[in-house]
Structures are given as C-alpha cells and as structure tokens.
Amino acid sequence: MEDNAKILALDLGGSKMLSALVDVKVDQNGDKKTQISGIAKRTLSKDSGKNGVWQAILSAVDETLEQANDSWDNVKRIGTTIPGVADPRRGLWVYAPFSGIENFPIAEELQRRYKRPVFADNDVNACAWGEKIFGVCQNVDNFVWITISNGIGGGLVLNGEVFPGKFSGAAEIGHFNVEENGVLCGCGNKGCLEATAAGPAIARSYRELVSLAASSSAIDPSLVASWVKYLGYAYGKTTVDTLRLEEEIILANQATAASIADEARRGNPLAQKVYRNVGKYVGRAASWAANLINPEKIVIGGGVAGSFDLFYPSLWETFQTCLFKQANKTITVEKTGLGYEAGLLGAAALAYKPYFNQIEEL
Ligand SMILES: [Zn+2]
C-alpha cells in the first residue's frame, strides 16, 4: 500500500487513549505527508479493564469520524498501538503490567466491529516503524529508536524491518544498567537507565539537587553559587535567604520533567545540570546500542524528547567518548520527526505498511 490512504489510528496508553484519522498523501517524488484529523481523547485508569478500554475506543472512534467530518467508506485500514506486551502476528494484547489486562484479542475485536483489516503492535515498535514510514528514517534501514517519557523503551529497525526479538523483548534499552547500585527500577534491578533518566527520575534528581543546594552540602560550591545568583541573591550573604530556599524546595517537590526543562531554559543551573545528566546516561546507553548494532541513526522520541536541546550536547559528548568510532563514522543521534503525535503516526504506519515477523507465542 505505497499510496494515498486514510487510516483510523488508535494510540492506547496506560492513562489515556487517542483516536484519529491519518491521511497519507504520497507526492511525485515518493515523499509521504501525513495529516491528522479528528483527534479524540479518553482517559483510562488502571481499573478500566478490557471493557472500559473497549467502551473508550468505541466512543472515541465515533467522535473522530464526527470531528473529522469524514465517511467511514474512506477509511481503508485500522492501526493500533498496544501498551505493554503485544503479539503483532495475532494482534493480541498479551499483557499490560499497570492495568493487568491480559490476552485481549484487540485486532480481532476491532476487525469484527469495523470490518476493516487491523494491525497492532506495542507502542515502541509502532513508533520505530512510524519513523521508518513517515519520519526521519524513510531512507534509513538500520536504526535504533529510544522513547523517553514516564519510562524508557527501545525499538530496532534492522535491514528495513522491525526486529522484535524472540519473545518481543528486543531493545529494552530502559533496562541497560547505567549506574552500579543506582536507584531501584520497576523491573527489580538497580541503576537501570529508566530509573535514572526517565521523566520521574528527572523530577526526583532535581528535587534532590535543590535540597542539597539549599543546605550547601555534598555539592560543588560553584554550582550552589551560580544557583543562588540565579535566584537573585548575592552569594555569601547569610540573611534573608532561608525563606526563599524553603520556597524553592517546595517548588522543586512539585516540579515535573517539563517544568524543570522550562527552568533550565530560564537559566536555572540546577535544572540544567539535571538535563546534562540525562544526556550523559542516555548517551552512554546509546553508545552500547550503537556498538552492538552499528546503526545509521539513533532517534529519540517520547515526551522528554521535547527537551532534546537541553540534553543533546552532553549526550553527544558521552556518546562519542564510548563509541567505537572506526565502525560508526557517520552515525547521528536525532530527535524524532514524528512530533507530539508519534503514537498515532506509529499506529498508522503499522496499517500503512504492515510487517509480520514470526514471533514465538509467549
Ligand atoms: Zn529496569
């Protein structure tokens, strides 16, 4: 299906789901342009269960068609992402850790309901495929995709195909150990990249750093000095500061990865240091992936990729330090070309150009 097409795309996550129509147009040079319309959002909770998810899908799809002011007759295929473990060959939602949903034959159910071919895979593989079909890797056959959001995931495209691994578990870059005896990860190990550099880890690191800086302990004095200066005080003044520092600690406790990025852009040296560390750890993990795979590109997506400018310099520096350069002379690390709607475009890509790898049943 290397042609113009209209696809119903569903992006299912842990806390929300999105539905939209993706209109794919191919120009004379073979370049693909996508237009997304009728985005409908539904909130999901860990208690939603299969039925809750299904009801959310039905109502969101109705809204999408109404909003996009389009006829169902124009929709050729359906693509959906699956959060957690997926079997793309059978379109099966195998398991989602947060909601406990198991063995949900979502592709079959959608096919029965909407009478269109349905293609499904986990969200990270879908995004990697989206990058290949619609993004910055349209002419790249070997690349590594890294998602940094609430967690960190990885996808591989090798020889122009998604490589899922024997049990759909390839490229678990989020569980590369980047810090010996580091923070405990959700997987049970310590020092995983996910526990060190994903959104929640960014918030935690900032909180800890502000608290250390406020008490001027165990931290580089020049960093404290520049922070105090950023707050508008002359370093070395001992009066007045206490209330302000307490306020900073309260603010830091409420900070998110996105608000910390805003602080970094405003010049807050502690926030900048947190993002430099993100780059350092992601760069180290990316170098291991590069030394193993010898890819043409490493592409970074997910919510935290919105702060790519803040962590790229230290990422590239560390990456270069750990890379086997003789074999990776032209490799680049880039931000996703899919933008904020990567999940929807990934879902559309699954349907636009389906792949089926023979994966063992779990
Ligand atoms: Zn882990």
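## Contacts of G283

G283 touches S314, L315, W316, E317, T318 and F319, leaving aside residues up to four places away in sequence. This is a predicted model.

G283 belongs to helix α9. G283 counts as buried because it has 26 C-beta neighbours inside 10 Å, and 20 or more are enough for that label.

## Packing of α8 on α9

Helix α9 covers residues 269–293, and helix α8 covers residues 257–266. The two pack at an angle of about 115 degrees. Their axes are 7 Å apart. The crossing of α8 and α9 is left-handed.

On the α8 side, the contact uses I260, A261, E263 and A264. On the α9 side, A271, Q272, V274 and Y275 take part. By class, the residues of this contact are six nonpolar, one polar and one charged.

Most residues other than glycine have a negative phi. Two exceptions follow.

N103 has a positive phi of about 45 degrees and is not a glycine. N103 lies in strand β7, residues 102–104. Is N103 buried or exposed? N103 is exposed, because 11 other C-beta atoms lie within 10 Å and the label applies at 12 or fewer.

A171 also has a positive phi, near 60 degrees. A171 is in the loop between β11 (161–162) and α4 (193–197). A171 has 24 C-beta neighbours inside 10 Å, so A171 counts as buried.

Conventions
Residues are numbered from 1 along each chain as its sequence is written. This is a predicted model: local features need pLDDT of at least 70, side-chain atom pairs count only at pLDDT 80 or more; totals for chains, interfaces and linings use all residues. Axes are lines fitted to C-alpha atoms, for helices over the stretch in contact, and angles run from 0 to 180 degrees between N-to-C directions. Helices (H or I, at least four residues) and strands (E, at least two) are DSSP runs, numbered from the N terminus. A crossing is left-handed if the near helix is turned anticlockwise from the far one by less than a right angle, and right-handed if clockwise. Two residues are in contact if their C-beta atoms, placed from the backbone, lie within 7 Å. Ala, Val, Leu, Ile, Met, Phe, Trp, Tyr, Cys and Pro count as nonpolar, Asp, Glu, Lys and Arg as charged, and the others, Gly among them, as polar.
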